[in-house]
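Work through the exercises below with the model open. Each task is followed by a stepwise solution.

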Amino acid sequence: MNNIVQKMIDWIERHLLEGFSLEQLGKDMGYSPYYCSFKFHQTTGMTIKKYRSLRKIYLSTIALKDPQKKIIDIAFHYGFSSQESFSRAFKRYFGISPNDYRKSPQPLQTFVKLRLQDDGGWLTMDISQKLKIEALQEKMNVQYDQELLNVLNGQMMYEEFAKQQLMGNSDYVPFNEAMCTNPTISPIFSEEFNKLRAIGHEVSLQQYEQVTLKPLKPLLTNDYKCIVLWFGDDMFCQMNLLTVLAFLEQQRYQGKVYYYMVKEMTYDVEETEIELGPYGEVYQEVLMHHRLPKTTLIPVMYQGIQLFFSYLNEENEITTYIKKHLNLSQNDLLKQLFSLFPHYGLGDRQYIKIIEKLKKEYSE
């Protein structure tokens with residue numbers, strides 16, 4: 001079935017900027033329009049309309065980086081009826097206007113063409129950008145010498161960087177948390193915070209301290225002139241990034257902060273300097289009170305927050321997909337979830353918890 005839907009995706013990509021016709025898609029695929037729409041949604045977890053919208057709005061961000069292209073021409077090229085409608089859609093997805101993005105391109109979550117795998121192969125890491133990572137790290141190391149700390153998103157990234165010796169002699173630590181799950185409070189890493197997070201993760205306080213706090217000792221105790229935060233563009237990473245930024249503000253950190261947005265499958269990196277100031281308040285609004293902050297944020301964090309709020313809903317695209325595929329083995333279902341919802345960045349523990357909960361509900 002994945003082969004059929006992949007053919008639909010290929011067809012949609014070829015006709016992305018043309019007048020789309022579900023009837024023509026069905027005719028070319030040899031199925032009814034209804035069947036094409038149904039199977040696409042069932043397999044990918046999203047409608048054809050949403051897929052086309054996400055692809056076009058993402059491709060428009062690439063076009064905006066070309067100063068020779070007028071915004072109104074970009075709007076028409078990607079199927080918008082006016083520059084105003086394009087601006088509204090752009091701001092809805094990224095939290096800033098096309099004009100502001102053009103003036104100052106900032107990290108955002110990409111939406112690449114879907115590629116389905118019939119073999120259900122697990123995602124693997126590809127350090128194809130190793131030289132670029134080493135060059136960025138070396139630049140920082142020359143500037144700040146031993147007063148530089150790299151904070152990596154999670155143990156897996158930490159171990160991969162250590163194995164590849166990508167950090168040289170610089171200090172680097174993993175942030176082993178999943179701030180998109182379970183309740184949280186402030187101050188971050190206070191005794192009450194640690195106890196609450198341990199309860200949420202269903203581990204003892206001692207286990208939480210061993211896994212999360214002990215590796216972070218350099219961040220918690222040492223002074224650094226520069227801190228580089230290596231986090232991905234998915235929702236999971238963005239909620240972790242928000243927490244670290246809020247913690248730095250809590251500690252009244254005065255040094256430089258850089259966000260290195262890492263594509264965790266290729267390890268391509270995009271550098272952005274971060275100005276501390278709003279993140280403590282944003283942390284409380286988003287992760288504690290589940291409210292959309294009024295502060296203007298970098299697009300990738302804005303997107304992560306929107307996905308976080310979607311994830312909090314019991315009826316979201318992930319749970320909807322799981323409910324329709326509970327007949328699959330847990331292993332096969334996990335493979336599909338990793339393939340279709342990388343923008344959430346969830347791990348097997350989070351997915352298994354959701355699967356088990358839904359299976360329990362259906363059996364009662």
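**Exercise 1.** How many residues line the second largest pocket, and which of them lie nearest its centre?

*Solution.* Note at the outset that this is a predicted model.
- Step 1: Count the lining. The second largest pocket has 19 lining residues.
- Step 2: Go to the centre. Lys50, Leu54, Tyr93, Gln306 and Leu307 lie nearest to it.
- Step 3: Assign elements. Helix 4 (48-64), helix 6 (83-94) and helix 15 (299-312) are the elements that each give two or more residues to this lining.
- Step 4: Helix 15 supplies the largest share, five residues.
- Step 5: The lining splits into 10 nonpolar, six polar and three charged residues.

**Exercise 2.** Why is strand 4 (residues 256-262) largely enclosed by the rest of the structure?

*Solution.* 
- Step 1: Apply the cut-off. Buried means under 20% relative accessible area.
- Step 2: Count. Six of the seven residues of strand 4 are buried, so the strand is largely enclosed by the rest of the structure.

**Exercise 3.** Is the pairing of strand 4 with strand 3 (residues 226-231) parallel or antiparallel? And with strand 5 (residues 269-273)?

*Solution.* 
- Step 1: Take strand 3. Its pairing with strand 4 is parallel, over six bridges. Leu229 stands opposite Tyr259 of strand 4.
- Step 2: Take strand 5. Strands 4 and 5 run antiparallel, joined by five bridges. Here Val262 stands opposite Val269 of strand 5.

Methods
Residues are numbered from 1 along each chain as its sequence is written. This is a predicted model: local features need pLDDT of at least 70, side-chain atom pairs count only at pLDDT 80 or more; totals for chains, interfaces and linings use all residues. Side-chain values use heavy atoms; hydrogens and water are left out. Buried means under 20% relative accessible area, exposed over 50%, partly exposed in between (1.4 Å probe, protein chains only). Helices (H or I, at least four residues) and strands (E, at least two) are DSSP runs, numbered from the N terminus. Two strands pair if DSSP finds at least two bridges between them. On a 1 Å grid over the protein atoms alone, a cavity is a set of points where a 1.4 Å probe fits but cannot get out, and a pocket is an open set with protein on both sides within 12 Å along at least five of seven lines; lining residues have an atom within 4 Å of a point. Ala, Val, Leu, Ile, Met, Phe, Trp, Tyr, Cys and Pro count as nonpolar, Asp, Glu, Lys and Arg as charged, and the others, Gly among them, as polar.
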